[in-house]
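Here is a friendly walk through one model, written for someone who likes to know how each term is defined. Have the structure open as you read.

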Amino acid sequence: MPFFHLVILALVQGITEFLPISSSGHLVLTHHLMGQSTGWDQDLTMDIAVHIGTLLAVLLYFRKDVCGMICGISKNTTSIKNSMAFYIVVASIPVIIAGFLLHLLQPSFVRSIEVMAWCTLIFGIVLWVADRFKPQEKTLDEMSWKHALYIGLAQILALIPGTSRSGITMTAARWFGYTRTEAARFSLFLAIVAISGAGVLGGIDVLKSENTQIGFDILIAIALSFLSALAAIHVLLKWLEKSSFTPFAIYRVILGVVLLFLVYSGQI
């Protein structure tokens, strides 16, 4: 992959992974616009590479929370950190199973611009509805295993590009009345497991391919996506302290409508 394309791909992933606008959808669109859509295996492997960079970013940003969860588990305490680790596991099980099955089947339709456009539009509207009409009063201290499970089931939809993993989990959390910042924090915690699982599957593919150039490209992609994701996390959390998800929903609706027009008019 040309270095310029690699930079664009990494920046797109880093900026969009934690925003509720679908990083996978933007990656599909980026591949298409750059003429780099060479098939499921190569596109997906590089997509996973830039996801790893974002994983490192969220681990660094929430290092105190992560250490607290690990220490809570090791000490077998009943603190919120220990409970949060349990909720993260509960919410992650559905997408791990579904993601593994999707990786085995590798259906080509989920990487089409048409599917991405519809998901971008529909789930953008759903995000706005949940954020506009649901109360925001709960914190993660009040989370139950049922809420964690429902949010985890919603996360399965994010396997379809355009849905947005962060978007659908934030939407589900807002639907249950969690504040915007708490919904975002739980979504970011879930990203640790979701991206780790995808990274393992992608790593196995890279080892099987024995392609050293792909391996070198991955290292570059990880570094670039890490830096851009770190900045995106900080900006998102600061924004949600005082503002709503409305700008993201509007962006999704506009992008979805434009893409659908281009698709059905035969321009892409």
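## Salt bridges

Asp131 and Arg174 join their side chains in a salt bridge, with 2.9 Å from N to O; the term stands for a side-chain nitrogen of Lys or Arg within 4 Å of a carboxyl oxygen of Asp or Glu. The two partners come from distant parts of the chain, Asp131 from helix 6 and Arg174 from helix 8, 43 residues apart. Helices here are DSSP runs of H or I with at least four residues, strands are runs of E with at least two, and both are numbered from the N terminus. Asp131 and Arg174 are both buried, where buried means under 20% relative accessible area, exposed means over 50%, and partly exposed lies in between (1.4 Å probe, protein chains only).

Before going further, please keep in mind that this is a predicted model, in which local features need pLDDT of at least 70 and side-chain atom pairs count only at pLDDT 80 or more, while totals for chains, interfaces and linings use all residues. Residues are numbered from 1 along each chain as its sequence is written, and side-chain values use heavy atoms, with hydrogens and water left out.

How many salt bridges are there by this rule? The count comes to five. In general, side chains of opposite charge can pair when their charged atoms come close.

| Asp131 | Arg174 | 2.9 Å |

Asp65 belongs to helix 4 (residues 63-75) and Arg185 to helix 9 (residues 180-209), so the pair ties together parts that are 120 residues apart in sequence. Asp65 is buried, with a relative accessible area of 14%, whereas Arg185 is partly exposed at 22%. Together with Glu182, Asp65 and Arg185 are linked in a network of salt bridges.

## The helices

The protein chain has eleven helices and zero strands. Of its 268 residues, 52% are buried.

Helix 8 is followed by Gly177, which has a positive phi near 95 degrees.

Helix 6 (residues 113-133) and helix 11 (residues 246-264) have axes that come within 8 Å and cross at roughly 155 degrees. Axes are lines fitted to C-alpha atoms, for helices over the stretch in contact, and angles run from 0 to 180 degrees between N-to-C directions. The crossing of helix 6 past helix 11 is left-handed, which says that the near helix is turned anticlockwise from the far one by less than a right angle.

## Two loop serines

Ser164 lies in the loop between helix 7 (145-155) and helix 8. Though not a glycine, Ser164 has a positive phi of about 85 degrees. Ser164 is buried, with a relative accessible area of 1%. Its C-alpha is 9.9 Å from that of Met116, and Ser164 and Met116 are 48 residues apart in sequence.

Ser22 is found in the loop between helix 1 (3-16) and helix 2 (23-33). Ser22 is not a glycine either, yet has a positive phi of about 75 degrees. At 1% relative accessibility, Ser22 counts as buried.

## A nonpolar patch

Which residues form a nonpolar patch on the surface? They are Val89, Ile93, Ile97, Phe100, Leu101, Leu104 and Leu105, with about 710 Å² of accessible area together. Patch members have over 30% relative accessible area and no salt bridge, and nonpolar side chains (Val, Leu, Ile, Met, Phe, Trp, Tyr) are joined within 5 Å. Accessible areas come from the Shrake-Rupley method with a 1.4 Å probe, and for residues only the protein chains shown count as cover. Leu104 is part of helix 5 (residues 80-105) and is exposed, with a relative accessible area of 54%.

Methods
Patch = residues over 30% accessible without salt bridge, like charges linked within 9 Å, V, L, I, M, F, W, Y side chains within 5 Å.
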